[in-house]
Amino acid sequence: MANDIISPENLVYQKPKLMNDTTMHYCPGCSHGVVHKLVAEIIAEMGMEEKTVGVCPVGCSVFAYRYLDIDWEEAPHGRAPAVATGIKRLWQDRLVFTYQGDGDLACIGTAETIHALNRGENITIIFINNAIYGMTGGQMAPTTLIGQKTATCPYGRDPEIHGYPLNITELASHLQGTCYVTRQSVDTVASINKAKKAIRKAFESSMQGKGSSLVEIVATCNSGWKLTPPKANEWMRENMFPEYLKGDLKDTTNL
Amino acid sequence: MAEQEITLMKGNEAIAHAAIRCGTDGYFGYPITPQSEIIETLAVLKPWETTGMVVLQAESEIASINMIYGGAGAGKRVLTSSSSPGVALMQEGITYMAGAELPGVFINVMRGGPGLGTIQPSQSDYFQATRGGGNGDYNVIVLAPNSVQEMADFVDLAFELAFKYRNPAMILSDGVIGQMMEKIVLPPMKPRRTEEEIMKECPWAAMGKRGGRNPNIITSLELQSEVMEVRNIHLQEKYKQIRENEVRYETRECEDADYIIVSFGSAARIGEKAIELAREQGIKVGLFRPITLWPFPSKEILDLAKGKKGILVSEINAGQMVQDVRLAINGALPVEHFGRLGGIVPDPEEIVEALKEKLIK
Ligand SMILES: Cc1ncc(C[n+]2csc(CCOP(=O)(O)OP(=O)(O)O)c2C)c(N)n1
Ligand code: SF4
């Protein structure tokens, strides 16, 4: 009986063609895996699998290259936008994107991020903002919320000591080199669909030479936050969405 | 045969011309004295209109080295240049390139340090260049030009060596060679490689997995220590090969010499005058000039030193290459050092005095 319903016309979803058959190292409930799937789907849908170079970061997604069946270059911590600049300037017909966490992009790599976006490099930056350093064990990130407890602000982030959350995406929307700056999430099916559209638009704009795109994904890090996956989603909606407002911050792609 | 173009230019300008002529795909750099003419000359020459070479001023040396890391990983011939404090910033990218086995070229037109130091010439980054400089067990091929001609010639040579061994290569120059003007013959024009040629020459490059091949992944990461050890052993074997095959040096009037001056780069130019002065005074001195500082011509210096009375290592630093010479000689001869510091370039007379004082007495 069960076998009867397994037929192509009933198929609603399958593993993206470009996802490798490898066990992922991400914690269950982590947003990284979902965003990987979207990226894999979009590259295949665009027919760009043979013309894409991804730049993976330092952080939990350091092994992104194991999961997507495309060429990759691993950047030093924070330098992905510079690495991507080198690749894209020299291979202008390639789809070049970076995949970076908030520690990577908004802390050690702030200069590279701002300048690549400001130069209008025809690349897409996918920015996973989980308000914490996941890989190194849950330390404070530039995007950590006021009052949020982490290993290096165990009493909660205090602006007097630690400064304020850095809204890189707002900053990016003011730069002349960017054509598309958006903030999304992947906590519900609806938001996943929206995020997919956003990444696709960003990739297409990169290929059309319209300038830099930044897609921030407000994400969960249940391990770093020490919450179950459902609780992490709840916490994100309650605490992160008000600070990091979702939606397009800039879109000049149709100009 | 095409007519040779003889031109008068600065060492830094020669680098820029040579870069365009040897089929460089991209230059990424950040200004710093005494080498800013490299990017300035490229900006004037506009190679993007002729050969298609990309020239980009980065926001920092960290960004420029990572741009060449990106470009090299994607199979292109990429170049950056800087001077001492800037090269200090590049060390992160250089160790990543060594770890990922990428063939980039970078140029250090040295100035005096430590710290912000001076803009005057110095050779005080010898250790940084030859010992790795960044983290991990690695080596960079280091070429030390002593003339404007070699500034031009070594660009292509550095690329050839870098691609042959998939290893970063450095041209270690200084403010004297970068700024002085000499007559040179520019290298012949060589076209940039086509996409097909790059695919053939660099089957490992991450440039989009064309033709449905397996993905190429450029990384220096490996969390499993056993695998990381194997990678390191492979690197060490490669370095051994380079040591065996790529040593370059030059000697001058060494056959009948009692004493040898060992100097590299601009110091060797001063050394040429010093041996002339010494010989006028009846002291038989020869000059040994390492051209590759890594791999260092240890065996060649030892061979040459047989039957000599002493060696003076003259460098524009506090005594760095002298350590390599002492290791090579291994106590067989007295090896002394003479250097000036902080951006002061020694006179040939001072070198002869030092030779007499330290070795002849
Ligand atoms: C130069 C350097 N400094 C520090 C580190 C250690 N480190 C690795 S990942 C990381 C933070 C990553 O956080 P984030 O970018 O937010 O990614 P996440 O793990 O949360 O996905 C740090 C500090 C490093 N690898 N390199
Ligand atoms: S530590 Fe956090 S960011 Fe890293 S894999 Fe786990 S949940 Fe994801």
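How many residue pairs are in polar contact between chain B and chain A? In this predicted model, in which local features require pLDDT of at least 70, side-chain atom pairs count only at pLDDT 80 or more, and totals for chains, interfaces and linings use all residues, side-chain values rest on heavy atoms, with hydrogens and water left out. Residues are numbered from 1 along each chain as its sequence is written, while chains are lettered from A and ligands numbered from 1 in the order of writing.

Between chain B and chain A, 18 residue pairs are in polar contact, both residues being at pLDDT 80 or more; a polar contact is a pair of N or O atoms within 3.5 Å, where within protein one must be able to donate a hydrogen and the other to accept it, and residues adjacent in sequence count only if both atoms are side-chain atoms. Helix 4 of chain B contributes the most to the side of chain B that touches chain A, namely eight residues (helices are DSSP runs of H or I with at least four residues, numbered from the N terminus). That side of chain B comprises 20 nonpolar, 12 polar and eight charged residues (Ala, Val, Leu, Ile, Met, Phe, Trp, Tyr, Cys and Pro count as nonpolar, Asp, Glu, Lys and Arg as charged, and the others, Gly among them, as polar).

Five salt bridges are counted between chain B and chain A, a salt bridge being a side-chain nitrogen of Lys or Arg within 4 Å of a carboxyl oxygen of Asp or Glu. A:R119 and B:E59 form a salt bridge, with 2.8 Å between their closest N and O atoms. In terms of contact (heavy atoms within 4.5 Å), 40 residues of chain B meet 33 residues of chain A. The two chains bury about 2,900 Å² between them, 60% of it on carbon and sulfur atoms (the accessible area, with a 1.4 Å probe, that two parts lose on being put together, summed over both). In chain B, the most area is lost to chain A by B:E59, B:K209 and B:L221, together 19% of what that side buries.

Ligand 1 has 16 residues around it, of which A:C60, A:G103, A:D104, A:G134 and A:M135 come nearest (a heavy atom within 4 Å). The shell around ligand 1 divides into six nonpolar, eight polar and two charged residues.

Ligand 2 is surrounded by residues including A:C60 and A:G134, and its shell has five nonpolar, five polar and no charged residues.

Note on methods:
Helix = DSSP H or I, 4+ residues; strand = E, 2+ residues; numbered from the N terminus.
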